[in-house]
Amino acid sequence: YDEEVSVMRRVRIKSVFSDVIEFCVDAKDLTGVLRSFTDDELTFVYDESSLFLNIRHGRGVIELPVFDASEYPRIDATGSGVSFTLDSSVLHDWVRNSVNFILDDQFKPQFSGMYLYCSGNVCGVCASDGMRMFVDSVTRDVELPTCEAIVSGHCFSSLCQLLSSNDGAVTVLIDERNVTFKFSDALL
């Protein structure tokens with residue numbers, strides 16, 4: 001969570017826990033550690049009293065500081081807005097194309113993201129930097145809810161990573177304040 005974009009990802013584990021364990025680890029630190037191991041079996045040991053996550057591997061132990069999970073916002077996976085599904089490859093193309101047509105300007109939010117809309121059986125996007133414009137749409141066989149939102153350009157990198165690793169359909173939930181992308185193992 002960077003105070004604008006939140007990502008939550010679930011992973012499969014071999015062990016089964018009877019208690020719920022929640023903590024947060026710096027994503028860059030954890031990603032760096034995980035990239036350095038290829039086929040090693042890793043054991044994660046979390047001790048609430050030490051405020052560290054120990055990652056044990058064949059050559060030793062790495063310690064990462066943890067943070068209280070209650071200090072981070074929860075992503076509302078149920079949502080009270082409208083939802084629809086899109087093919088992940090279509091959304092991936094839209095995001096990759098839109099990134100070339102947006103500005104990084106907090107004072108002009110209409111130019112700093114991808115306008116996503118649904119109306120009737122059409123779902124489409126528009127991105128513009130005020131001088132150039134990208135527009136595309138798809139026609140669906142079903143009636144879609146009427147909705148619209150600006151998807152912030154700040155999430156494009158994370159969204160592209162999730163889209164490239166998830167084939168099939170992506171559920172898009174649009175409410176009054178947020179756009180949530182639901183994958184089989186992640187929420188953005």
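Predicted model: local features only at pLDDT ≥ 70, side-chain atom pairs only at ≥ 80, totals over all residues.
Okay, let's start with a definition: a disulfide here is a pair of cysteine sulfur atoms within 2.5 Å. Keep that cut-off in mind, because in Cys-155 the sulfur is 9.0 Å from the closest cysteine sulfur, the one in Cys-160, and that is too far for a bond. Cys-155 also counts as buried, at 7% relative accessibility.

We have 188 residues, and buried ones make up 30% of them. The chain has 3 helices and 13 strands. If you take the contacts between residues at least 6 apart in sequence, 59% of them join residues at least 24 apart.

Now, the sheet I'd like you to find. It's an open sheet of 4 strands, antiparallel in its pairing, and the order is β9-β8-β7-β10. Which strands sit at the edges? Those are β9, residues 133–139, and β10, residues 147–152, and each of them pairs on one side only. On average, neighbouring strands in this sheet are turned by 15 degrees against each other, ignoring direction. As a quick reminder, strands of a sheet pair through backbone hydrogen bonds, either parallel or antiparallel.

Let's zoom in on one pairing. Strand β8, which covers residues 122–128, pairs with β9 in the antiparallel sense over 7 bridges. If you want a spot to look at, find Cys-126: it stands opposite Val-135 in β9. Then there's helix α2, residues 88–98, which packs on the sheet. That helix touches β7 (113–119), β8 and β9, and its direction makes about 170 degrees with that of β9.

On to the inside. The largest nonpolar core has 30 residues. Which residues have the most contacts inside that core? They are Phe-84, Leu-91, Trp-94 and Phe-181. Quite a few elements give two or more residues to this core: β6 (82–87), α2, β7, β8, β10, α3 (156–165) and β11 (169–174). The one that gives the most is α3, with 5 residues.

Leaving out residues up to four places away in sequence, Leu-91 touches Leu-86, Met-114, Leu-163, Val-170 and Phe-181. There is also a second, separate core of 7 residues, and Val-33, Leu-53, Ile-55 and Val-66 are among them.

Next, the aromatic rings. The structure holds 3 aromatic pairs, and I'll show you two of those. In the pair of Phe-23 and Tyr-46, the rings are stacked, 4.4 Å centre to centre, with 25 degrees between the planes. Phe-23 lies in the loop between β1 (8–9) and β2 (24–25), while Tyr-46 is in strand β3, so this pair ties together parts that are 23 residues apart in sequence. Buried or exposed? Well, Phe-23 counts as partly exposed at 27% relative accessibility, and Tyr-46 counts as partly exposed as well, at 25%.

The other pair is Phe-101 with Phe-134. Their ring centres are 6.1 Å apart and the planes are at 25 degrees, so this pair is stacked. Phe-101 is in the loop between α2 and β7 and Phe-134 is in strand β9, so to speak a link between distant parts of the chain, 33 residues apart. Both Phe-101 and Phe-134 are buried.

Last stop: the loop between β3 and β4. Two residues there are worth a look. Leu-51 is in that loop, between β3 (43–47) and β4 (52–57).

Glu-48 is exposed, with a relative accessible area of 62%. And where is Glu-22 relative to Glu-48? The two are 26 residues apart along the chain, and their C-alpha atoms are separated by 10.0 Å.

How values were computed:
Residues numbered from 1 in each chain as written. Heavy atoms only, no water. Pairing = 2+ DSSP bridges. Axes fitted to C-alpha atoms, helices over the stretch in contact; angles between N-to-C directions. Contact = heavy atoms within 4.5 Å. Core = buried A, V, L, I, M, F, W, Y, C linked by side-chain atoms within 4.5 Å. Buried < 20%, exposed > 50% of the residue type's maximum accessible area, 1.4 Å probe, protein only. Phe/Tyr/Trp six-rings, centres within 6.5 Å; stacked < 30°, edge-to-face > 60°.
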